[in-house]
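Please look over the sequence and the model together before reading on. The paragraphs that follow move from one part of the structure to the next.

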Amino acid sequence: MKVILLENVKGLGKKGDLVNAKDGHARNYLLPKKLAKEATDGNVKQLKEQKKAKKLKKQEEKEEALELKEKLSEIIVKIKSKAGEEGKLFGSVTTKDIATALRKQENIKIDKRKIVLDNNIKTLGTTIVKVKVYPEVTADLKVQVVEQ
């Protein structure tokens, strides 16, 4: 019996898959537990429409991410911090500081976990930081630390 899975089913497939299940398994387990629905012509057509809409939405999100990448590559975020001799900071600049400064200066909200920083910034000057905008899309953001 052909069914469309409504949930992930171990050993059978993932949500949204059109699979062939044994009649007894489908009638006695998958359908009553609402793990699947029968693959009628209408249901298959509806599934195809949902997949097409999901693909379009992902494409739009990726385009928006590419626009944001371009915007971020042109921005220089300035962060003021206290520094001692030879340009060493008292403390350090973290991803949270960068995200907050970006929100205040450019009104762009980016989660601090999407900012990739190998080590916290501990000196004055300009540093290039990677920002994960979308899967497979990363932007370079310039962070300039100046003395307060």
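The residues that line the largest pocket of this predicted model divide into one nonpolar, two polar and five charged. That lining is made up of Lys15, Gly16, Leu47, Gln50, Lys51, Lys54, Lys55 and Lys58, and the pocket that these residues surround has a volume of about 240 Å³.

The second largest pocket, with a volume of about 170 Å³, has a lining that divides into three nonpolar, four polar and four charged residues. Helix 3 gives the largest share of this lining, five residues, while strand 4, strand 5 and helix 3 each supply at least two. Among the lining residues are Lys78, Ile79, Lys80 and Ser81, together with Ser92 and Val93, and the list also includes Asp97, Thr100, Ala101, Lys104 and Gln105.

In soluble globular proteins, nonpolar side chains tend to be buried together. The largest nonpolar core in this model has 25 residues, of which Leu72, Ile98, Leu102, Leu141 and Val143 touch the most other members. At least two residues of this core come from each of helix 2 (41–74), strand 4 (76–81), strand 5 (88–93), helix 3 (95–106), strand 8 (125–134) and strand 9 (137–147), and strand 9 provides the largest share, five residues. Apart from this core lies another, of nine residues, which include Val3, Leu5, Leu30 and Leu35.

Which residues does Ile98 contact, leaving aside its neighbours within four places in sequence? The contacts of Ile98 are with Ile79, Val93, Ile115, Leu117, Ile121, Val129, Leu141 and Val143, and two of these partners, Leu141 and Val143, are named with Ile98 among the residues of the largest core that touch the most other members. Ile79 and Val93, which are also in contact with Ile98, belong to the lining of the second largest pocket as well.

Thr95 is another residue of helix 3. Is Thr95 buried or exposed? Thr95 counts as buried because its relative accessibility is 18%, and the cut-off for that class is under 20%.

Asp17 sits in the loop between strand 1 and strand 2, and leaving aside its neighbours within four places in sequence, Asp17 is in contact with Val3, Ile4 and Leu5. Asp17 is classed as partly exposed because its relative accessible area is 29%, a value that falls between the limits of 20% and 50%. Finally, Asp17 and Ile75 are 58 residues apart in sequence, and their C-alpha atoms lie 43 Å apart in space.

Note on methods:
Residues numbered from 1 in each chain as written. Predicted model: local features only at pLDDT ≥ 70, side-chain atom pairs only at ≥ 80, totals over all residues. Heavy atoms only, no water. Core = buried A, V, L, I, M, F, W, Y, C linked by side-chain atoms within 4.5 Å. Buried < 20%, exposed > 50% of the residue type's maximum accessible area, 1.4 Å probe, protein only. Helix = DSSP H or I, 4+ residues; strand = E, 2+ residues; numbered from the N terminus. Contact = heavy atoms within 4.5 Å. 1 Å grid on protein atoms, 1.4 Å probe; cavity = no way out; pocket = protein on both sides within 12 Å on 5 of 7 lines; lining within 4 Å. Points joined across faces, edges and corners; volume = space filled by probe spheres on them. Nonpolar A, V, L, I, M, F, W, Y, C, P; charged D, E, K, R; others polar.
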